[in-house]
Structure formats: structure tokens, C-alpha cells
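Me: I am new to this structure and would like to learn how to read it. Could we go through it together, one feature at a time?

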Amino acid sequence: MSTKDYLEKDFYKVLGVPKDAGTAEIKKAYRKLAREFHPDANKGDTRAEERFKEISEAYDVLADEKRRKEYDEARALFGNGGFRPPGAGGAGGFPFDLGDLFGGGGAAGQQAGGAGGIGDLFGGLFGGRQGGRQQPPRRGQDVESEVTLNFTDAVDGATVPIRLTSSEPCRHCNGTGAAAGTMPRTCPTCSGTGQTSRNQGGFAFSEPCRDCKGRGLLVDEPCIVCHGSGRAKSARTMQVRVPAGVQDGQRIRLKGKGAPGERGGPAGDLYVVVHVRPHPVFGRKGDNLTVTAPVTFPEAVLGAEVTVPTLGGQPVTLKLPAGTKNGATLRVRGRGAARKDGTRGDLLVTVDVLVPTELQPKALEALEAYREATAAEDPRATLMQAAKGA
Ligand SMILES: [Zn+2]
Ligand SMILES: [Zn+2]
């Protein structure tokens with residue numbers, strides 16, 4: 001009788017007795033039913049024959065105190081028939097890979113040489129429920145990738161292709177790592193936990209098991225495709241929506257776009273490190289864009305209307321106040337990078353007062369006249385005064 005039988009069959013129901021029935025009650029129920037369905041009394045009736053087998057099987061277990069106890073414990077683990085084998089109407093969130101559990105060459109091999117009782121078998125198979133021996137579903141790994149964006153795409157957001165290499169379960173062996181027709185067995189070194197502990201200086205360290213490299217399983221005959229690792233490298237290209245306003249060096253997280261999970265676990269996340277190509281004209285300062293606007297000395301002194309470009313939009317004309325200093329910053333609202341809330345930052349225009357290196361004769365003449373007109377002023381008078389006073 002297999003473990004699966006224990007979980008699937010309700011022996012109490014077969015005998016029509018309550019779960020707390022005493023031995024005498026079980027015996028009485030069995031005798032009555034056995035008489036009724038005995039093959040001698042139902043010649044040629046295959047249904048009766050089936051029923052008789054069920055009754056005998058149930059009685060064999062329930063009449064034996066030790067086996068009954070093991071049976072009760074097994075069913076208690078899964079909530080009395082709450083267990084459903086694969087394909088029998090949804091595993092209902094059952095956390096283990098049943099193929100692994102019930103595969104003949106799998107974990108059951110662990111009990112070889114032992115007492116071989118069903119209790120031992122359960123200890124090995126389902127100890128995970130209590131002691132963490134069977135591996136639980138595992139979340140897929142996080143995957144990291146990089147992308148280089150144009151300056152404009154980083155400001156406005158863009159959908160870009162990202163090539164990902166990731167490791168996923170080998171399709172040939174369904175991730176078991178074992179050759180066709182074979183199953184991995186529980187690693188005896190770590191009893192399937194994938195971890196071994198080591199004592200050093202009075203402290204216990206837990207480290208990945210060296211024999212199974214932390215998998216908890218050993219493969220005797222490796223899969224010809226993945227050579228026993230159970231993993232396959234795969235490359236895929238994914239279209240990723242990069243939100244507007246990303247900055248150079250920013251790491252964006254795309255939930256659930258990483259490597260697929262194992263044993264029903266959720267997929268990992270994808271992290272994309274964004275690089276942004278510099279723009280020949282514009283710069284970024286947080287949500288704001290920056291641009292440097294050259295202005296002439298007369299514009300700075302007298303004030304002017306100055307037209308500057310915007311990123312991807314119409315140029316804007318701003319009023320340069322009279323007496324604007326070199327390096328001063330003017331703000332054009334709402335012409336910066338997009339923010340999360342849909343608004344935009346500002347365009348910061350830095351004034352760069354030009355110093356001409358070559359002048360046309362007429363301009364030179366005018367400048368010399370200007371010098372003459374301001375000859376009485378000493379531009380460094382305040383400086384000298386301040387230095388003296390200190
Ligand atoms: Zn191991
Ligand atoms: Zn494989």
C-alpha cells in the first residue's frame with residue numbers, strides 16, 4: 001500500500017464507523033460487511049469483489065493499533081482527505097511537487113535499510129511540514145539588466161527592448177536535472193535541506209551542502225541537456241516601459257519580470273540600471289532641465305527679450321531683466337522633465353555673458369567711447385576697501 005493510498009482512502013468511511021471507534025466496534029463492522037460482500041456470496045459480481053477488497057484493506061489498517069495510529073497521523077497532516085492528488089481537481093495550493101514526492105526512485109529511496117515503516121516514510125517525505133526538510137516553493141531570482149537611453153527618452157519615458165539572460169527550469173527534465181525515466185533522490189548528507197551546519201569555535205554555522213550544492217537533491221543519471229543542474233540559460237528580449245523622468249544611474253524595479261519561480265513560487269523582479277546619454281544642449285538637475293544661454297554685455301546691462309530652445313518643444317522667449325549678472329539663473333516653469341504625478345519640472349536658464357575676442361571697427365569704437373565715459377569709476381574700489389578693513 002502506498003503513501004498515496006493512505007491519503008486518498010477513508011478507511012473509517014469504508015467500514016462505516018466513527019473516527020473514535022473502538023477495536024470491538026471496528027471488528028463488528030468488518031464482520032458484517034465482509035459477510036455481505038464476500039466473493040463466495042457474490043459470485044461473478046466484480047463490484048462486490050472490489051468492495052470486499054476495500055473492506056479488508058481498511059480492516060487490516062484499523063485493526064492494527066500501530067498502523068491505525070500511523071494512518072491517523074498521515075491524514076491529520078493533510079486535514080483528513082484535504083489532500084488531492086495531481087489532476088484530481090486542483091491541488092489547492094498544495095506546496096510540494098507531488099511528482100517528486102511519489103516518484104518511486106525519489107525521496108522514498110531514503111528509507112532503504114531503515115525499518116521501512118510508514119512512519120519512517122512520512123518522516124522522510126513530509127518532515128518538511130514540521131522540520132523544513134522538503135524544499136518549499138522558491139521565488140524566482142531577481143534579474144539585473146542595463147539600458148542606455150537617449151536624453152529625450154529619459155525625460156519623456158520610452159518603451160525599450162531589454163535583452164535578458166536568465167536561468168529557468170530545464171525543459172527537457174522539467175528542472176529535476178535527472179535523465180529521462182529517472183528521478184533525483186534526497187541528498188543523504190543534508191537530508192534534503194540543502195544546508196549543513198558546521199561548528200567552529202563554539203558557534204554553529206549553516207552553509208550550503210557541498211554534496212548537492214544546496215539543492216537538497218542528488219542526481220545519479222544527469223539530464224543530457226542541462227547536465228544535472230536542472231537549469232537552462234535562456235535569453236529573451238523584453239519590451240520594458242521606462243517611466244518618464246528617469247535619471248542617469250537610476251535603478252528601476254519591474255515587479256515579477258525576473259526569473260520564474262520554482263515549485264509554484266512567484267517570479268523574481270527585474271532591476272534595470274538606466275544610463276542616459278548626455279544631450280549636447282540640455283542638462284538635468286532632478287526634475288529640472290538646464291540650458292546655458294549666451295547673452296551680450298549690452299543685453300545683460302540693458303535687459304532684453306531672450307529666446308531659448310526647449311527640449312522637444314517650441315522655443316520660449318524670456319525677459320532678461322536689466323542688470324542681470326553673469327551666471328544668473330532664470331526659470332521657465334513647466335518646461336523641465338516629467339514627474340511621477342504628471343507635472344513637469346522647470347527649465348533653468350543660466351546666463352552666460354559673452355566676452356568678445358574680436359570686434360568690428362564700429363563696435364571697437366563704441367567700446368572705447370564707453371571706457372572713456374566710465375574712466376572715473378574704479379570697479380575694484382569696494383574690494384580694496386573691504387580688504388583694508390578686514
Ligand atoms: Zn546535500
Ligand atoms: Zn535537464
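Me: Which protein donors hold the zinc ion (ligand 1), and how far from it do they lie?

Reply: Welcome! This is a predicted model, where local features need pLDDT of at least 70, side-chain atom pairs count only at pLDDT 80 or more, and totals for chains, interfaces and linings use all residues. Residues are numbered from 1 along each chain as its sequence is written, chains are lettered from A and ligands numbered from 1 in the order in which they are written, and side-chain values use heavy atoms, with hydrogens and water left out. Donors are N, O and S atoms within 2.8 Å of the metal (3.2 Å for Na, K and Ca). Here they are the SG atoms of Cys187, Cys190, Cys209 and Cys212, 2.2 to 2.3 Å from the ion.

Me: Why is the arrangement around the zinc ion (ligand 1) called tetrahedral?

Reply: Four donors count as tetrahedral if all angles lie between 85 and 135 degrees. The four donor atoms here subtend angles of 104 to 115 degrees, so the arrangement is tetrahedral. Along the chain, the donors follow the spacing C-x2-C-x18-C-x2-C.

Me: Are Cys190 and Cys209 buried or exposed?

Reply: Buried means under 20% relative accessible area, exposed over 50%, and partly exposed in between (1.4 Å probe, protein chains only). Cys190 counts as buried because its relative accessibility is 5%, and Cys209 is buried at 1%.

Me: What are the protein donors of the zinc ion (ligand 2)?

Reply: They are the SG atoms of Cys170, Cys173, Cys223 and Cys226, lying 2.3 Å from the ion. This site is tetrahedral too, with angles of 103 to 117 degrees among its four donor atoms. The spacing of these donors is C-x2-C-x49-C-x2-C. Both Cys173 and Cys223 are buried.

Me: How many aromatic pairs does a search of the whole structure find?

Reply: Rings of Phe, Tyr and Trp (its six-membered ring) pair if their centres lie within 6.5 Å; planes under 30 degrees apart count as stacked, over 60 as edge-to-face and the rest as tilted. The search finds four pairs. In one of them, Tyr12 and Tyr71 have ring centres 6.2 Å apart and planes at 45 degrees, so the pair is tilted. Tyr12 and Tyr71 are both buried. Another pair, Phe297 and Tyr370, is edge-to-face, at 6.0 Å centre to centre and 70 degrees between the planes. Phe297 counts as partly exposed because its relative accessibility is 41%.

Definitions and conventions. Tetrahedral: all angles 85-135°; square planar, octahedral: opposite > 155°, others 65-115°.
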